[in-house]
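Here is a brisk report on one protein model. Please keep the sequence and the 3D view open while reading.

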Amino acid sequence: MILPIFFMLSFLLSSSSCNALDFCVADLKTPQGLAGYSCKKLELVTVDDFVFSGLHAGNTSNLIKAAVTPAFTAQFPGVNGLGISIARLDLAVGGVVPMHTHPGSSVIIVVIQGIIDAGFVSSANKVYFKTLKTGDIMIFPQGLLHFQINAGTTPALAYVSFSSPSPGVQILDFALFGNDLPSNIIEETTFLDDAQVKKLKGVLGGTG
């Protein structure tokens, strides 16, 4: 009889211990590791750590006519360790978010205003593409290439939610043409000719 009671008490105590840490507000003064940031001391945590007021319209006066305003751990320490985050996406007329991937997160996008062409490519190279209108929601599975294009004649607005507080991002065009990867390597691996590669490197700031 004593043994079952002992195990029950041990279970209750371990459960209580696991639930003792309700949250882990990021201490941004510490290095970020694979599991996120270290927790801020509890006595230093305030309600402001759980409120973010920065999802304002972004500046779309750029090459892609798009702006992403993130509320990731670095901007919103309260999401650290919770497996969630959010961002605002503004697309001017003609705006585009080129093919990109979030290595650490799946994505849900909800269109608030305008019309957005959106889609992703599976690992089997099958394309899933849809024109989204106000109120529509679409999922982009973790790690898969996806894109968004303003398909309307007015600015578009969407909110994007992530299954990670720090989802990471890699934009395909910049990964290929926005760095110092030698042009001949790009030509051999993409089947583009020298003039095309040099033109894209010039547009996206690449060298080599």
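Which residue in β8 is the bridge partner of Val 121? The bridge partner is Leu 145.

## Basis of the model

This is a predicted model: local features need pLDDT of at least 70, side-chain atom pairs count only at pLDDT 80 or more, and totals for chains, interfaces and linings use all residues. Residues are numbered from 1 along each chain as its sequence is written, and side-chain values use heavy atoms, with hydrogens and water left out.

Helices (H or I, at least four residues) and strands (E, at least two) are DSSP runs, numbered from the N terminus. Two strands count as paired if DSSP finds at least two bridges between them. Strands of a sheet pair through backbone hydrogen bonds, either parallel or antiparallel.

Five strands form an open sheet here, in the order β6-β5-β8-β3-β10, with antiparallel pairing. The edges are β6 (127–132) and β10 (170–171); each has a single partner strand, so one side of each is left without a neighbour in the sheet.

Strand β8 spans residues 145–150 and is joined to β3 by three bridges, antiparallel. Val 96 is bridged to Ile 149 of β8. Strand β5 (residues 116–121) also pairs with β8 in the antiparallel sense, over six bridges. Ala 118 has Gln 148 as its bridge partner in β8.

Ser 122 sits in the loop between β5 and β6. Is Ser 122 buried or exposed? Ser 122 counts as buried because its relative accessibility is 15%. The classes are buried (under 20% relative accessible area), exposed (over 50%) and partly exposed (in between), with a 1.4 Å probe and protein chains only.

Contact means heavy atoms within 4.5 Å. Leaving aside neighbours within four places in sequence, Ser 122 is in contact with Tyr 128 and Leu 144.

The UniProt annotation "binding site", from an unreviewed entry, covers His 102. UniProt positions are given in the numbering used here, feature names are shortened, and annotations may be inferred rather than shown by experiment. His 102 lies in the loop between β3 (96–101) and β4 (107–113). Its relative accessibility is 9%, so His 102 counts as buried.

Which residues does His 102 contact, leaving aside its neighbours within four places in sequence? They are Val 107, Gln 142, Gly 143, His 146, Phe 162, Pro 167, Gly 168 and Val 169.

Phe 162 belongs to strand β9 (residues 156–162). Phe 162 counts as buried, at 6% relative accessibility. Not counting residues up to four places away in sequence, Phe 162 touches Phe 72, Gly 83, Ile 84, Ser 85, Ile 86, Ala 87, His 102, Ser 105, Ser 106, Val 107 and Pro 167. Phe 162 and Ile 139 are 23 residues apart along the chain, and their C-alpha atoms are separated by 10.0 Å.

Tyr 159 is also placed in strand β9. Tyr 159 counts as partly exposed, at 24% relative accessibility. Not counting residues up to four places away in sequence, Tyr 159 touches Leu 55, Ala 87, Arg 88, Ile 108, Ile 109, Val 110 and Ile 112. Tyr 159 and Pro 141 are 18 residues apart in sequence and 16 Å apart in space, C-alpha to C-alpha.

## A nonpolar surface patch

Which residues make the nonpolar surface patch of about 280 Å²? Val 47, Phe 50 and Val 51 make the patch. Patches take residues with over 30% relative accessible area and no salt bridge; like charges are joined within 9 Å, and nonpolar side chains (Val, Leu, Ile, Met, Phe, Trp, Tyr) within 5 Å. A salt bridge is a side-chain nitrogen of Lys or Arg within 4 Å of a carboxyl oxygen of Asp or Glu. Areas come from the Shrake-Rupley method with a 1.4 Å probe; for residues, only the protein chains shown count as cover.

Val 51 is found in the loop between α1 (2–19) and β1 (66–71). Val 51 is partly exposed, with a relative accessible area of 48%.

## Positive phi angles

Most residues other than glycine have a negative phi. Lys 65 is not a glycine, yet has a positive phi of about 55°. Lys 65 lies in the loop between α1 and β1 and counts as partly exposed, at 39% relative accessibility.

Phe 191 is not a glycine either, and has a positive phi of about 70°. Phe 191 lies in the loop between α3 (183–190) and α4 (194–204). Phe 191 counts as exposed because its relative accessibility is 75%.
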